[in-house]
Amino acid sequence: MNGESVLDSILDINGAYLALEQRLLQADRLKGMSRLGLSQELANVLAGLSTTQTQKLAACGQLLCFGRLNDRVVLSMLAVASARLNSGSLASDAPPNEQV
């Protein structure tokens, strides 16, 4: 992957992430802040960005989103959700008279 391709990918990811942030914040500010891990001040700034400002921010060359998987609470929630999904899929894969 060359440098230009990487920057194009970062631009695409940033644009999509900023659009998602703005949609979540517009739909339900408090829930969006919680899901995104944003302070009220940052949420206000992001929700108030114009299209031009959003495009410029997306093109900054730095990835704007980050994983929060280093948080033990998040990791344990994901593990529990995964276990529930796996046990649910096992039950649904069994023949109708043979529930797991």
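Of the 100 residues of the chain, 16% count as buried, meaning under 20% relative accessible area, with exposed set at over 50% and partly exposed in between (1.4 Å probe, protein chains only). The model is a predicted one, in which local features need pLDDT of at least 70 and side-chain atom pairs count only at pLDDT 80 or more, while totals for chains, interfaces and linings use all residues. Residues are numbered from 1 along each chain as its sequence is written, and side-chain values use heavy atoms, with hydrogens and water left out.

The chain holds five helices and zero strands, giving the pattern α-α-α-α-α along the sequence. Helices (H or I, at least four residues) and strands (E, at least two) are DSSP runs, numbered from the N terminus.

Beyond its neighbours within four places in sequence, Tyr17 is in contact (heavy atoms within 4.5 Å) with Leu36, Leu64 and Cys65. Cys65 is partly exposed, at a relative accessible area of 22%, and Cys60 is also partly exposed, at 38%. The disulfide count, based on pairs of cysteine sulfur atoms within 2.5 Å, comes to zero.
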